[in-house]
Amino acid sequence: MPPASAPAVPPSQSPSAAIRANQHIYSDYFDEDFVRALDQNVLQLLDRVWFRSELVGFLENFPQRNNPERPLIFCSNHSGMAFPWDAIVALASLYRSVPRPHDMPRPLAAPLLSQSVLMNPFLIPDFWKRAGCVDATTLNFETMMYYNDHNLMLYPEGVPGIGKGFNRKYQLQRLASSVVRLSIQHQTDLMLFSTVNAEYLNPGAYSWDWLNRWVKKIGIPFLPITWLLIGIILQPWVFYMAFPAKLTFVLGSRLRPADWTDKPFDDLTRDDFVALTGRVHTQMQQELTDAVDRYGRKPFQVGELWQRMKANWRYFPFYLPPFWPLLFHEFERGYRKYGPQYKLRLSGFGTTLRLLWRNPFVFTFFIPVLGLIPVAIRGYRRHRIGQKLPGQQ
């Protein structure tokens, strides 16, 4: 896939040499065929039965750019102490629903997700970057502001938002001021949306900041203190599991921080940006609280879950978390072998045994204690830079 080119802009807004040299991030690893095939073969089933996602306010009048030359910046709260299924499901839902590919946001994600294979779902190499994620560094964020093919999506709480624990559910953590700075600099709006019920993907998991700082040193952004830790030791796949919370994404306000100050951009100080970011934080927290009050009273909706499971009985048991390692590994195997045309078939007697035969590494996710060893070895293996897959150019 050829690298994207930055749009023509006035000289005062032209990208710096560092940004021009960094434009390779637009296309590094990113494989649109992989995104489409993953959604069709895996994510649609998990979403239809397990997560049952709902987009509120997005489809009636999808937000359009106020500045055609710059992407909108979609911002949401993170779920605490859970593998980021909320982001996966949100992006997959939008992928199926946005009216034009141009409107689809590309995510900026915490670098910890891509730096360790362990933090990719079921150790699928480069999963996040192949699906379109870009590491959320300052340079990458600034570079993506010159990217015109898609909008952007990020979680401005960063890793602290993931690691806040069930004891601080729905409490928005400090936001990165770079969101406001780049919004003002590039005269593009912030689109807020609230993620509801994702706190229940791993309910009852508590956290302490001192412990999270320690485990970051071994490549894990947080460590949930929960009874599931015993489950991870006995069954390593539990590290990636999620409870069947009904994920609801509620579109909120369009904010234009540039209208909140009379100062020219170059005269704004760090304190100014911090103060303006505080206004964004207040608005996001109020909208999140309102959305939770309206859509978060019954986070699991067990009756609906049971009806979805019965309606999709022919795919049983693959929508249940213990079988997700098989789904992801079989999809990865088939995609690497056959490319974008691969179709994952889950019907018929003996499907589970057939998939296990094709993907023997999956057995390690079910071996008590000792299974952690091969998972850890593969999980901390370095990425092979520049590897191409079927369907990539």
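This briefing covers ring pairs, charges over rings, cysteines and some backbone features. The structure is a predicted model. The count of aromatic pairs comes to 31. A search of the whole structure for disulfides finds zero.

**Aromatic pairs**

- A pair of aromatic rings is described by two values, the distance of the centres and the angle of the planes.
- The count of 31 aromatic pairs includes Phe51 with Trp324. Their ring centres are 5.8 Å apart, and 45° lies between the planes.
- Where do the two partners sit? Phe51 is in helix H2, residues 32-51, while Trp324 is in helix H13, residues 324-338. The pair therefore ties together parts that are 273 residues apart in sequence.
- Phe51 is buried, at 1% relative accessibility. Trp324 is buried too, with a relative accessible area of 0%.
- Phe318 and Phe323 form another aromatic pair. Here the centres are 5.9 Å apart and the planes are 75° apart. This pair is edge-to-face, because the angle is over 60 degrees.
- Is Phe318 buried or exposed? Phe318 is buried, with a relative accessible area of 2%.
- Phe323 has a relative accessible area of 22%. Phe323 therefore counts as partly exposed, since buried means under 20% and exposed means over 50%.

**Charges over rings**

- Arg130 places its charged end over the ring of Phe34. The distance to the ring centre is 4.1 Å.
- Which residue lies over the face of Phe361? Arg378 does, at 3.6 Å from the ring centre.

**Cysteines**

- The search for disulfides covers the whole structure and finds zero.
- Cys75 is in no disulfide. For Cys75, the nearest cysteine sulfur belongs to Cys133, 15 Å away.
- Cys75 counts as buried, at 1% relative accessibility.
- Cys133 is in no disulfide either. Its nearest cysteine sulfur is that of Cys75.
- Cys133 has 10% relative accessibility, so Cys133 also counts as buried.

- Tyr29 is in the loop between helix H1, residues 17-21, and H2.
- Tyr29 is buried, with a relative accessible area of 15%.
- How many residues separate Tyr29 and Ala131 in sequence? They are 102 residues apart. In space, their C-alpha atoms are 8.2 Å apart.

**Backbone features**

- The peptide bond from Phe316 to Pro317 is cis. Its omega is near 5°.
- Pro317 is in the loop between helix H12, residues 302-311, and H13.
- Leu123 is not a glycine, yet has a positive phi of about 70°. Its place is in the loop between helix H4, residues 111-115, and helix H5, residues 127-130.
- Leu123 is buried, with a relative accessible area of 2%.
- Asp126 is not a glycine either, and has a positive phi of about 55°. Asp126 is found in the loop between H4 and H5.
- Is Asp126 buried or exposed? At 8% relative accessibility, Asp126 counts as buried.

Notes. Residues are numbered from 1 along each chain as its sequence is written. This is a predicted model: local features need pLDDT of at least 70, side-chain atom pairs count only at pLDDT 80 or more; totals for chains, interfaces and linings use all residues. Side-chain values use heavy atoms; hydrogens and water are left out. Rings of Phe, Tyr and Trp (its six-membered ring) pair if their centres lie within 6.5 Å; planes under 30 degrees apart count as stacked, over 60 as edge-to-face and the rest as tilted. Helices (H or I, at least four residues) and strands (E, at least two) are DSSP runs, numbered from the N terminus. Buried means under 20% relative accessible area, exposed over 50%, partly exposed in between (1.4 Å probe, protein chains only). A charge sits over a ring if NZ of Lys or CZ of Arg is within 6 Å of the ring centre and within 35 degrees of the ring normal. A disulfide is a pair of cysteine sulfur atoms within 2.5 Å.
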